[in-house]
Structure formats: structure tokens, C-alpha cells
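Here's a quick tour of the aromatic side chains in this model. Have the viewer open and follow along.

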Amino acid sequence: MAATKHKPGSLLGSLLGLIGFSAVAGVLVSATLTPALAVASSATTSGLDLFESLPSYAQITQQAERNRIYGVRDGQPVEIAQFYNQDRQILTWEQVPRTAVDALVAGEDRRFYTHGGVDAPSVVRAGLSQLGFGGDSGASTLTMQLVRQQIAMDAYIRGDDETYAQQYEQSYQRKLAEMRLAIGLEQRYTKNEIVLAYLNIANFGGNVYGIESGAQRIFGKPAAQLSAAEAASLIATVQNPSTRNLFNADNWPRNQERRDFILRGMASEGYITAEERDAALAIPVDDAFVNVQPPNNGCISGYDSTRFFCDYVQRTLQQEQEDGSYILGASKEDNAAALFQGGLRVYTSIDVDLNDAVQELVDTNVPNTEERWRSGGAVTQLEVSTGRILTMVQNKDYFNGEGAPYTATSVNFNADYALGRSGGFQPGSGFKIFTLAQWIIDGHSVNEQVDATREQWNTGDFRASCVEGGVLRFNEYDPQNNEGNEYRRMTPTQIMVNSVNTGTMRMASELDYCDIVNTARAMGASPANGGDWEYQPSGIIGGAGNVTPMGMAEAFATIANGGVHCEPRAIDRIIARDGSEIQPPGQQCQEALSPEVASVMQLVLEEVTERNPLNNPAGSTPVISKTGTTNGVVQTWVNGASPAVATSVWVGNIVGNVSLQDRWNVRSTVFRGAMAEAIARYPGGQFLDPDQDTVDGDGDASALPDVAGEPVADAQATLEAAGYTVQVADPIEGIQAQGAVEYTAPGAGTLVSPSTPIILYPSNGGLAAQPSSPPSGESDQTWPDLVGQALADARGTVEGAGFDPASIQVTWQDHGEANLCTVLAQNPLPGSPGAAADPISVVVGTNASGGDPGC
């Protein structure tokens with residue numbers, strides 16, 4: 001460092017200061033030759049009190065360097081991002097190019113290999129320079145410069161601004177401290193170790209530190225390939241990086257002037273030949289010489305499809321743990337210091353190949369260039385058995401700076417506010433699975449008939465034990481079904497298949513709302529803002545409170561995992577710079593549902609997928625799923641899982657309320673493709689066999705008695721005495737005697753609760769004279785089960801069982817659009833014997849107009 005001259009008026013002060021400085025400096029210089037004598041002298045010289053107060057220790061400390069994040073490709077780690085406070089890559093002595101060593105010594109300290117840390121001629125020359133004699137000259141040796149840089153860097157890491165600033169002030173005390181520390185450094189380390197430390201710590205402009213990063217960023221090559229001219233140009237920067245760094249073309253003339261001085265020094269010291277010197281001097285410092293590379297710091301410079309995941313990992317590394325500690329340190333400050341120091345290798349769960357494939361699906365189907373509305377799309381995929389995050393993509397590009405373009409954002413739509421700064425989105429009907437879960441937990445059967453008629457709900461209709469008064473309080477609420485469809489009696493399976501709002505509300509009215517949202521949280525779906533749920537009846541069908549794709553993927557992973565919820569994991573391993581392991585958050589799995597409950601949910605939601613082919617990928621691997629759509633088709637979802645991978649797809653409005661009615665099935669296209677890609681990479685597996693006791697339930701539902709053949713009045717009395725509400729329909733063609741019950745809807749043996757209305761169909765006796773069963777021994781045919789089949793399919797089933805399909809007698813009954821052309825009840829019952837020509841009566845769903853709707 002060049003000394004600063006004093007003004008003539010301060011000559012006396014400078015002279016007095018110089019006398020004291022020279023006395024102590026003389027002792028320090030002598031210490032490089034006879035340390036014991038120097039120490040003894042300092043004890044008897046009153047002018048050397050400052051010497052006694054100077055630090056007596058010196059060591060080369062580790063310098064900050066890059067952290068690296070790895071994903072997985074073809075089962076092997078692959079780097080996806082780097083992040084750092086200082087762009088530094090530490091080299092060993094064997095990796096350092098000789099050109100850089102020679103340029104450093106020739107340019108900064110030509111007697112480096114002969115002095116002991118303090119160079120006496122330089123000290124004298126610097127002192128005279130301070131008094132105005134001779135040109136600018138500094139006393140700092142290469143070792144003293146290293147000391148100053150280390151003190152400054154350590155202070156910067158600690159946040160000690162005062163000490164940092166002092167290293168760049170001109171004072172005798174600082175210079176003396178550097179001298180003594182330099183002597184200590186020389187006595188502890190070899191010359192080569194000191195040169196290596198200097199080349200690794202030196203700043204080459206901005207946040208680029210160390211000869212390796214300097215070579216890569218400025219010349220686009222590793223340090224090992226630096227020419228003499230390039231090495232000298234880098235070393236020319238170290239005295240004053242702000243005015244000589246090569247990132248700014250305005251600095252090039254100053255850099256070249258210093259570079260050429262270094263090159264001449266390298267030749268005079270014999271490091272290069274005169275011919276090599278002249279060839280290097282002939283190269284101008286210009287845009288042909290400099291090859292500046294863009295920075296590769298942070299997620300913005302990481303692998304394209306994994307940038308939002310990279311951001312998630314960085315936030316995870318800084319997240320406070322449940323015990324108040326942090327992944328990399330006991331305190332927030334320790335954790336920050338570890339990240340600053342860097343050198344970490346963070347191995348993550350992301351499957352780069354799968355992530356690329358899903359990103360392409362999203363980009364194709366939800367382009368970020370859509371300008372008619374703020375179009376958003378995101379996909380999270382989790383490994384079912386571990387919670388490891390396999391995929392995290394969205395349609396917007398990652399951009400974390402000011403002035404993000406329309407096509408980019410820094411908000412991670414997949415994650416909650418804490419880890420992605422996202423407020424989430426309403427889940428719509430996807431939230432119905434939590435009512436289904438609680439329905440099964442509370443002992444209800446999924447085969448139980450539920451009244452799904454439209455109803456206006458009021459305060460007191462929904463229990464909520466966790467709120468004041470124990471009930472939900474709200475204004476009148478009158479939810480409708482999609483497209484205005486009306487329904488009557490349905491099973492929970494049918495409710496989920498057809499996503500029936502009115503049926504889900506009825507199910508929830510028999511449960512505790514607080515239990516439903518607590519089950520949702522246990523399964524992984526929590527409010528995106530980290531707060532509590534909104535306790536409103538619309539929340540039952542996903543109209544209150546926002547969730548994230550991560551949360552919904554967790555919930556479906558829980559179902560697919562036999563009821564065990566595993567917290568999402570992004571980090572598999574962390575290796576410190578010294579090769580030791582740093583323990584990331586471990587796998588955290590806990591039972592949220594019993595295996596029996598999970599098995600029945602799998603049964604129901606697999607049926608949902610099979611009945612919604614748009615969401616069912618090709619192949620034999622079973623898939624559970626549930627769609628979600630909010631009012632006005634503002635947000636759309638498909639959530640699901642195979643036995644190995646859970647997937648949540650959201651497509652919707654980032655802001656605003658534009659209807660996506662004409663793009664309703666985009667979510668299905670993305671989901672089906674994403675699940676197909678996941679199954680191809682994580683194949684196999686089966687869901688649990690449904691637990692029959694749980695399927696049947698242990699609540700108040702029971703098999704409806706068979707009252708066929710009884711007089712209508714007697715049958716009505718029997719059922720009403722059992723607690724059922726009974727309606728009597730108009731007589732139909734039947735095999736029973738006139739006035740007797742032909743059959744009921746729901747059919748005999750169906751699981752129903754007492755609140756389920758029962759319809760009795762009286763017979764007009766029109767078919768009573770026809771044989772209802774074959775003479776004994778003449779036939780072993782039995783009637784097949786037709787309930788739930790489309791009428792056309794039922795005719796084929798009847799014919800396949802050996803009966804005449806023309807003998808089917810149809811009674812049309814309005815059971816809502818979802819049940820059009822579907823067999824709702826039959827008589828004779830399945831398994832009953834019959835002859836080939838026997839008739840069979842069926843109730844088939846129609847619409848409000850009655851009659852055949854076109855079946």
C-alpha cells in the first residue's frame with residue numbers, strides 16, 4: 001500500500017510520529033533475526049509501550065468460498081446452483097499456477113523470500129516518503145498485506161465495522177500491528193503457505209475473491225491456464241481493486257499500466273524471458289484480452305428448471321428449527337456465519353430429469369406469456385414413503401431482483417409464505433377429502449346413503465368444538481353444485497366421484513368442523529400464511545382459506561402412505577468444507593390416519609380416478625385423485641398419488657378472478673402427464689386392501705331391511721319405527737301383489753343412516769301372474785348386480801347372465817344429472833334365482849322432465 005504524504009504544516013508531527021514508529025519498527029525488524037533480543041529490548045525501552053500492547057498471535061484463517069447445491073440426475077449428484085457472499089474457490093499449492101506466484105512476488109514484494117515478514121529497506125523508504133523525501137513508497141510486505149486482509153475479512157464476517165474500517169486507515173499503530181503479526185505469521189507458516197493464502201484471499205473486484213474465481217470470471221478459464229500477461233493483469237488489481245479491476249472498461253488503462261510494471265519486474269527477477277516479457281507487453285488490455293463471464297451466484301444463475309427449488313433450499317437452510325436452533329449453528333448469527341464462510345455441499349432430493357419433464361408440461365400448457373390474465377401454474381411432487389421433494393416447478397421464471405418482467409416472479413407458488421413468500425390459493429373441492437377422512441374416522445361407512453339435496457344452512461347447523469359457543473356462526477349459506485346439478489341420495493364415494501357440494505355439506509353437518517380442519521393439518525394441508533383456518537362453512541368445500549400445492553401433495557402422500565404423514569424434505573446431506581457431515585433436518589413422519597382409514601380413502605379416491613379418465617394416466621399403476629375448482633373457475637386443481645409419488649397441480653389466477661371455464665381441463669392434462677412421468681421413473685406398488693370393517697363403518701348406518709312383498713302401510717310403519725323417513729311413490733309394474741312393496745330406493749341391504757329418506761315403490765300387480773323363479777332344479781341362474789351401471793351396460797350384463805334384456809322393466813326417477821341413465825335399484829335383488837324369461841324391474845336416473853333422457 002502506498003503511503004500518504006503529510007502536508008508541510010504537519011511535518012513536525014510527522015517527524016515525532018516517525019521517530020516513535022522507527023524505534024518500534026527497528027525492534028520488530030530485528031525480531032526477524034534475533035526474536036529473543038527484541039523482546040528483551042522492548043521490556044526496557046519506555047518508548048516501546050505500544051509494542052507491548054500489540055497482538056502477539058497470527059494465523060491463516062479459512063476464507064469464505066462458494067456453497068454448492070446438488071440435485072439428482074440418473075441417480076447421481078449434479079450441481080444445480082452455487083451461492084456465496086464472496087465468489088471464491090480455494091486452491092491448494094499444487095493447483096496454483098506458477099505465473100500467478102511470480103507475478104505476485106514481482107509486483108508486491110520482490111524480497112519476499114529473503115525477509116522475515118518485515119522488510120527493513122521498505123520501512124526506511126516509507127518513513128522518508130512520509131516526510132516528503134522521495135516518491136510514494138509503502139512499507140507493507142506481501143505478508144503484512146495478507147495480515148491486513150485477514151483482519152478486515154474476519155471483522156467483516158463478525159460484523160465489526162469499526163475494525164474493518166481501521167484496516168484501511170493510515171496510522172502508525174496499524175502499521176506496527178501489521179508488522180508484528182506478519183513476523184508471527186512468518187514464524188508459523190512457510191513462504192509458500194503465505195503466498196497461497198494471499199492468492200486465495202485477494203479481491204479482484206466486486207465480490208470476486210481468489211485467483212481461481214478471478215481467472216474464471218475475468219478470463220473465462222481456470223487459473224491453471226493463465227498466461228503471464230493474464231496473471232500479471234489480475235495481480236495488478238490487488239493494490240486497488242476499485243480502480244484497477246477488469247470488470248469495468250474504464251479501469252483498463254490503469255490496469256495495463258500496473259500490469260506492464262509487473263511484467264517488467266517478472267523479467268528482471270528472471271521469472272520470464274525478455275522475449276516472453278515483450279510478447280506479453282504487446283498485448284493490450286482491451287475487450288479482446290478480457291473475457292468477462294456472468295456471475296453464477298445464487299438461484300437466479302442456477303439450473304433453469306430448479307431455480308425455485310434452489311430458493312426453497314436456501315430458505316430452509318436459514319429456517320429456525322422447532323427447538324430454536326438452526327441447521328448450521330446454534331443461533332441465527334452462527335448459522336449466518338456458516339453460510340457466509342461457505343464451502344458447503346448441499347445434496348438435495350430434486351429429481352432433475354423428472355423436474356425437467358414436468359417443467360416442459362407446465363410451460364406448454366400454462367405459458368408465462370399469457371397477458372389476458374395473471375395466469376399461474378405450479379406442480380409439486382413428493383416421494384410418498386419419505387416426503388422427499390422430487391419436483392417443484394411453476395410457469396413463471398425465477399427472478400429475485402427489482403423490476404421483474406411480467407413473465408417472472410420471486411414468489412414460489414408451491415410453498416407457503418415462510419419458505420416461498422406465497423399466500424397460497426383456495427383449494428376448492430380438493431378440500432373435500434378432509435371431510436371424507438373425518439367421516440371415516442368417526443365410524444361412518446362410505447357406502448352409507450347421504451341426503452345430497454340442496455339446503456340452506458344456518459348458524460347452529462355445524463358443530464365446531466374449538467370455537468366459542470361450539471358451533472359455526474355465519475349468515476345464511478346456500479351452496480350449489482357445479483352447473484346447478486341437483487342430487488338426492490348418494491354414497492360418499494358417489495359424492496367424491498361427482499364432487500357434490502351439497503352432499504359434502506351434509507356429511508360435514510354430522511361431524512365436528514374443528515376435527516375436519518385438524519385432520520387436514522395432520523395430513524399436511526395447513527393455511528399458506530402460517531395462521532389458523534377460517535372457520536366458515538364455505539371452508540368445507542374449499543372456499544375459505546388458502547393452501548399450497550406442497551400442502552395438498554403432502555395430504556395425498558399421507559393417504560398413499562397408509563396414513564403416515566412425512567414432512568417435506570429438500571435436503572438429504574450437507575458436507576462441510578472439511579468433509580464432515582452436518583446433520584440436516586431428519587425424516588419426520590407421524591401417523592395422521594390409521595391404516596384402516598387410509599385404506600378406505602384409497603378405495604374411494606381410486607374410484608374417483610377411474611370415473612374421471614382425464615386424470616387417469618395410462619398403465620396398470622393405481623392412482624388416487626381429486627379435482628378442485630373454486631367459484632367462478634378462478635382456481636383449478638388436480639391432486640393425487642400413485643403408491644410411490646404424490647402430485648399436486650394448480651392452475652389458476654395469480655391475482656384477479658378471470659374464469660378459466662374454457663381452460664378447465666388444463667389442470668388434468670398437466671396432472672396426467674406429470675403422474676405418467678413419475679410412474680415411469682418410480683414404478684410399481686399397490687394400495688392397501690380396503691379394511692372391510694372400516695368400509696362398513698361402526699356409526700348409526702345399517703343395512704336397510706328388505707320389505708319387498710309387504711303391504712305398503714306395514715312396510716312404512718316398520719321403517720318409520722326404525723327411525724327412517726319414508727316416502728311412497730306412485731305404483732309401478734311389478735311382480736308383487738297389488739299394493740305390496742315392489743322394492744325400495746335405496747335398495748334392501750344398502751347401508752343408510754336414519755336421516756336418509758326411503759322411497760317405497762308399490763306394485764300394481766301387473767306382472768304378478770308371471771313366474772318369478774324357475775321350478776326347482778330347472779335352472780341355477782341368478783340375477784346379477786346392476787346397481788351403479790349405466791342402463792346400456794346393465795342390459796348387456798343381464799344378457800351375459802343368461803336373461804332376456806327385453807324383460808327389463810324401467811321406472812324413471814329424478815336423481816340429479818350425475819345419475820342420468822344409472823341403475824339406482826333393482827328387483828329381484830342380486831343373487832336371486834330366476835329363469836331366462838323372467839322380468840326384472842329397475843329404477844333408472846332421469847332429469848326433472850322425467851322419462852327417458854336419452855339413455
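Is Phe308 buried or exposed? Phe308 is buried, with a relative accessible area of 5%; buried means under 20%, exposed over 50% and partly exposed in between, using a 1.4 Å probe and protein chains only.

A word on ground rules: this is a predicted model, where local features need pLDDT of at least 70, side-chain atom pairs count only at pLDDT 80 or more, and totals for chains, interfaces and linings use all residues. Residues are numbered from 1 along each chain as its sequence is written, and side-chain values use heavy atoms, with hydrogens and water left out.

Searching the whole structure turns up 14 aromatic pairs. Rings of Phe, Tyr and Trp (its six-membered ring) pair if their centres lie within 6.5 Å; planes under 30 degrees apart count as stacked, over 60 as edge-to-face and the rest as tilted. Two of the pairs look like this:

| Pair | Centre distance | Plane angle | Type |
|---|---|---|---|
| Phe308 and Tyr398 | 5.2 Å | 90° | edge-to-face |
| Phe431 and Trp533 | 5.3 Å | 65° | edge-to-face |

Tyr398 is buried too, at 6% relative accessible area. In the other pair, Phe431 is buried at 3% and Trp533 is buried at 6%. Elsewhere, ring pairs join Phe413, Phe425 and Trp650 into a cluster.

Arg421 has its charged end over the ring of Tyr417, 4.9 Å from the centre, while the charged end of Arg259 sits over the Phe289 ring, 5.6 Å from its centre. That label requires NZ of Lys or CZ of Arg within 6 Å of the ring centre and within 35 degrees of the ring normal.
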